[in-house]
Amino acid sequence: LAVPSEEVKAVVSEFAAFQLNQPNTGRVSGQERLANNALYYMNVRRSWYITSHRYKKDSYARVALDRLYLDYKEFFTNHTTVSDMNQAEYENQILAILEKNTANMSNDELRFYMNEMVIYSLKEAMRDGNNRVKRIR
């Protein structure tokens, strides 16, 4: 199973372009709000996988999903904005996190879930007009 999939690459590119065009209104910039929303929805999908599969706290799958989420949390916390000059690098870094977390993984089902976590979180972040989604701490 290819990770990141072509769909992930397309969604990441769409997300970076969408984020680039967010206005700076209110106390939180549109770009920062979008990054926060992406983390929020990634956590929603991660939690759904953990609950629906009843992964135990120390199971391989749960540890892998948690590690992926924490890597994205660190990235989006430190990279809340994107510019024309760094858009390609921003996209590459998002994809590299997924690649790094699946590099030595042979479980195709878990690789699929990780692809889907990224797709779901970025798509939902772009759809969500709610500017009150709170930063995940």
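Here are a few notes on the helices and aromatic rings of this predicted model.

1. Some ground rules. Residues count from 1 along each chain as its sequence is written, and side-chain values use heavy atoms, with hydrogens and water left out. Since the model is predicted, local features need pLDDT of at least 70 and side-chain atom pairs count only at pLDDT 80 or more, while totals for chains, interfaces and linings use all residues.

2. Have a look at α3 (residues 60–78) and α5 (residues 108–127): their axes come within 11 Å and cross at roughly 35°. (Axes are lines fitted to C-alpha atoms over the stretch in contact, with angles from 0 to 180 degrees between N-to-C directions; helices are DSSP runs of H or I, at least four residues, numbered from the N terminus.) On the α3 side, the contact (heavy atoms within 4.5 Å) includes Y72 and F76, and on the α5 side M114 and M117 are among the residues taking part.

3. Now the rings. The structure holds nine aromatic pairs, where ring centres of Phe, Tyr or Trp (its six-membered ring) lie within 6.5 Å; planes under 30 degrees apart are stacked, over 60 edge-to-face and the rest tilted. F15 and F76 have centres 6.1 Å apart and planes at 75°, so they pair edge-to-face. F15 sits in α1 (residues 6–20) and F76 in α3, so this pair ties together parts 61 residues apart in sequence.

4. How are the rings of Y72 and F76 arranged? Their centres are 6.2 Å apart and their planes at 25°, so this pair is stacked. At 1% relative accessibility, Y72 is buried (under 20%; exposed is over 50%, partly exposed in between, with a 1.4 Å probe and protein chains only).

Methods: Helices (H or I, at least four residues) and strands (E, at least two) are DSSP runs, numbered from the N terminus.
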